[in-house]
Amino acid sequence: MTIVNTFLPFLSSLISFVFAFFVFRRYAARGGAHLLLWGVGMIFYGIGGFCEGYYGAFGWNEVVYRLWYLFGAILVAAWLGQGTVYLLAKKKWAHGLMALLLVGSLYGAYKVFSAVLDPSLLTTSVHTGSELSGHAIVTGGVRALTPIFNLYGTATLVGGAIYSAWIFFRKRVLLHRTVGNILIAVGAIAPAFGGAFSRMGVPAALYIGELLGAILMFIGFQRATTAIKEKGEGVAVQAATSA
Amino acid sequence: MAEKKINRKYPPFYEKFVPIAIGLLVLVVVGMLVFTVAVGVGAL
């Protein structure tokens with residue numbers, strides 16, 4: 001047990017759950033499928049972090065591993081991205097993609113919970129086994145699901161945040177939304193970067209990336225939903241769009 | 001009466017920072033997607 005593989009993921013988990021609380025509170029006040037899905041996505045993020053911390057603190061547990069792979073590795077980015085789809089795309093498209101995501105998520109859950117696992121394989125890669133990775137999954141076709149979900153999630157979540165930031169910048173309105181969306185985009189990329197460095201054998205890269213991602217997305221969300229006071233006017237610029 | 005054109009501007013720092021940040025993000029995302037697909041199809 002080290003600080004890196006226990007404290008970092010537990011902290012990511014805590015931040016994610018607090019973030020989810022803020023998102024759900026906004027959803028309760030304003031409604032909006034995008035907020036609901038972002039909240040659910042952050043719960044998934046928190047579950048993933050908790051499972052990583054649990055593994056670091058207490059070692060292998062089959063159920064915890066399956067939960068980590070399903071929520072932390074497969075679903076989180078796609079569900080967050082689906083929230084952005086609801087914010088930016090036409091309802092018809094968003095509903096269609098949501099239906100696909102639901103079916104895909106159920107299929108993913110079935111595959112993950114029926115997969116054969118071998119924890120000894122966690123030490124067969126560049127990892128030492130001190131951190132969770134997908135190597136323990138023996139059954140074919142399970143790990144192949146991950147890039148599909150994550151490509152969709154990255155394209156929609158990061159792409160949507162960049163697109164929103166650009167739109168606000170082009171119109172030179174709502175500076176807080178521009179800055180907030182940039183932070184959300186950077187935060188959403190951070191775990192992917194961490195994962196890439198982790199696969200190259202950099203210790204703790206994934207957990208650091210996930211922690212940075214949770215912090216930056218949280219700050220970005222708070223920035224995007226809190227108006228910046230303009231100098232001289234003393235009044236807050238009112239948000240014209242809902243997010 | 002002719003409409004007065006409004007030239008909105010962000011504060012100077014953000015006028016420079018935002019396009020650079022967005023440009024870098026686009027480059028990173030496109031790079032990541034290309035890399036992932038390339039690895040997926042076995043090109044790398």
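pLDDT is the predictor's confidence in each residue, from 0 to 100. The legends below describe a predicted model.

**Figure 1. Confidence along chain A.** Among the elements of chain A, helix 4 (residues 91–114) has the highest mean pLDDT, 96. Helix 6 of chain A has the lowest, 90. Chain A as a whole averages 88. In chain A, 91% of the residues score at least 70. Residues 232–243 of chain A stay under 50 in pLDDT. For this stretch the model has 17 contacts beyond four places in sequence. Where pLDDT is low, the predicted coordinates should not be read in detail.

**Figure 2. The fold of chain A.** Chain A has seven helices and zero strands. From the N terminus on, its elements run α-α-α-α-α-α-α. The radius of gyration of chain A is 18 Å. The globule rule gives 18 Å for 243 residues, so chain A is as compact as a globular protein of that length. The C-alpha trace of chain A spans about 60 × 40 × 30 Å along its principal axes.

**Figure 3. Helix 1 against helix 2 in chain A.** Helix 1 covers residues 3–30 of chain A. Its axis comes within 7 Å of the axis of helix 2 of chain A, and the two cross at roughly 165°. Angles over 145 degrees count as roughly antiparallel, so helix 1 of chain A is roughly antiparallel to helix 2 of chain A. The crossing of these two helices is left-handed. Their contact has 16 nonpolar, 10 polar and three charged residues.

**Figure 4. Helix 2 against helix 3 in chain A.** Helix 2 spans residues 33–58 of chain A, and helix 3 spans residues 62–88 of chain A. They pack at an angle of about 160°, with their axes 7 Å apart. That angle makes helix 2 of chain A roughly antiparallel to helix 3 of chain A. Helix 2 of chain A passes helix 3 of chain A in a left-handed crossing. The residues of this contact divide into 20 nonpolar, seven polar and one charged.

**Figure 5. Helix 5 against helix 6 in chain A.** The axes of helix 5 and helix 6 of chain A lie 8 Å apart, at a packing angle of about 160°. The two helices of chain A are therefore roughly antiparallel to each other. Their crossing is left-handed. Residues on the helix 5 side include Thr154(A), Leu157(A), Ala161(A), Ala165(A) and Phe169(A). On the helix 6 side, Arg177(A), Asn181(A), Ile184(A), Ala188(A) and Ala192(A) are among them. By class, the contact of helix 5 of chain A with helix 6 of chain A has 13 nonpolar, four polar and one charged residues.

**Figure 6. Chain A meets chain B.** The contact takes 18 residues from chain A and 15 residues from chain B. On the side of chain A, the elements that give two or more residues are helix 5 (145–171) and helix 6 (175–199). Helix 5 of chain A gives the most, with nine residues. The residues on the chain A side divide into 14 nonpolar, three polar and one charged.

**Figure 7. Confidence in the complex.** The predictor gives the complex an ipTM of 0.77 and a pTM of 0.87. Chain B averages a pLDDT of 79. In chain B, 73% of the residues score at least 70.

How values were computed
Residues numbered from 1 in each chain as written. Chains lettered and ligands numbered in written order. Predicted model: local features only at pLDDT ≥ 70, side-chain atom pairs only at ≥ 80, totals over all residues. Axes fitted to C-alpha atoms, helices over the stretch in contact; angles between N-to-C directions. Helix = DSSP H or I, 4+ residues; strand = E, 2+ residues; numbered from the N terminus. Parallel < 35°, antiparallel > 145°, perpendicular 65-115°, else oblique. Left-handed = near helix turned anticlockwise from the far one by under 90°. Nonpolar A, V, L, I, M, F, W, Y, C, P; charged D, E, K, R; others polar. Contact = placed C-beta atoms within 7 Å. Rg over C-alpha atoms; globule rule 2.2 N^0.38 Å.
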